Amino acid sequence: MTKVFSGTCEADGKRGSWRLVLEYFPSINGSKSMPPVAEPGCFEVRWNGRLLSEERTKSFQFTELAGAKELLGRGFPKDLPEAVWQRFTGTLYLDGNFAVDPNKNALLHDSSVDSLVQNLFRKWDSRAEKQRGRGSPRSSPLSSPGFGSPGYGPGGGNSPREVASMRQQQQLDAAQKKKEEMVPLAREMCAWLHECRTKVDEDVIFVAEGTDLTRRGVDTARGTFKATTNHVRIGGKNFVAPFRDEESLEAKDPDPTKRLLVKVAIGKQEEFAEVCDFQFDGSFNTGSALRDSDVTEACRQATSGFVR
């Protein structure tokens, strides 16, 4: 499945157009389908259609797991497993207004200039702003009022402390504006990954809500455990085993139409067997006790397991 993000950015009186095309490589029969040459989360960059061979762009804030979580906070979808963030790659297309080096092999990155390149990466990459802060950005009347100018120094009304406070407020305003721009992109990204997860992945989706989610086989020394649930989704189809008594394993609902049967090979023959539940593995911090929330989170993150 393919996803396209596009837009424009402006700097120093210029406007540049960009387009980010992502391609998702689903899990097929429990195995990865991404080509060995593709690196998850790493994007090629093309300038006017020309591949910039020395430019590799990674981890835009809204396309990486940690960045999306930071942007969305509690709004981040809990049922989106970490594995799906390693199943896509893509290409960033830029028009000719973005500056490139003389050899046209890479973009021209210069933190001292407010260019289209700096503007785009400052907007998308949470680390770009930190890197820019270590440089010597070009000053402007708004950010660096000089001594003797209106509003600064003797008779001007603004002390150095007030100027520093103004700069800090400008940085906060810029960060808030950036977040407002990035949050919709992060939501769109998560929605696309969720669609890929439910429509094209052949992973097993373990359902935690409304099921008999049960922890089993806890190893406190290693911080691992096994758990079971009676409900999974595979390829968009629901498979639900009846609730059972823990000791006798008898179904609580005797209705035979609600039994879940699977074919199993016994020697050279195939027999039908009744499914009790579905098991998956999880982990937790060895420095703390295993909580119900740990089991629920592990259930949402699991992509494979066993049938009991």
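Strand S6 and strand S9 (residues 231–234) are paired in the antiparallel sense over three bridges; strands count as paired if DSSP finds at least two bridges between them. Within this pairing, Val-204 stands opposite Ile-234 in S9. Helices (H or I, at least four residues) and strands (E, at least two) are DSSP runs, numbered from the N terminus.

The model is predicted: local features need pLDDT of at least 70, side-chain atom pairs count only at pLDDT 80 or more, and totals for chains, interfaces and linings use all residues. Residues are numbered from 1 along each chain as its sequence is written, and side-chain values use heavy atoms, with hydrogens and water left out.

**The sheet**

Three strands form an open, antiparallel sheet in the order S6-S9-S10. Strand S6 (204–206) and strand S10 (237–240) each have a single partner strand, so they stand at the edges and one side of each lacks a neighbour in the sheet. Direction ignored, neighbouring strands of this sheet are turned by 25° against each other on average; the axes are lines fitted to C-alpha atoms, and angles run from 0 to 180 degrees between N-to-C directions.

**Aromatic pairs**

The whole structure contains seven aromatic pairs. Rings of Phe, Tyr and Trp (its six-membered ring) pair if their centres lie within 6.5 Å; planes under 30 degrees apart count as stacked, over 60 as edge-to-face and the rest as tilted. Two of the pairs are set out below.

| Pair | Centre distance | Plane angle | Class |
|---|---|---|---|
| Phe-5 and Phe-62 | 5.2 Å | 65° | edge-to-face |
| Phe-88 and Trp-192 | 6.2 Å | 70° | edge-to-face |

Phe-5 belongs to strand S1 (residues 2–11) and Phe-62 to the loop between strand S4 (50–58) and helix H1 (65–72), so their pair ties together parts that are 57 residues apart in sequence. Phe-5 is buried, at a relative accessible area of 2%, and Phe-62 is buried at 0%; buried means under 20% relative accessible area, exposed over 50%, and partly exposed in between (1.4 Å probe, protein chains only).

The pair of Phe-88, in strand S5 (residues 88–94), and Trp-192, in helix H4 (residues 160–199), links distant parts of the chain, 104 residues apart. Phe-88 is buried with a relative accessible area of 0%, and Trp-192 is buried with 4%. Together with Tyr-24, Phe-88 and Trp-192 form one aromatic cluster.

**Charges over rings**

Lys-3 lies over the face of Phe-5, 5.4 Å from the ring centre. The charged end of Arg-19 sits over the ring of Tyr-93, at 4.7 Å from its centre. The criterion requires NZ of Lys or CZ of Arg to be within 6 Å of the ring centre and within 35 degrees of the ring normal.
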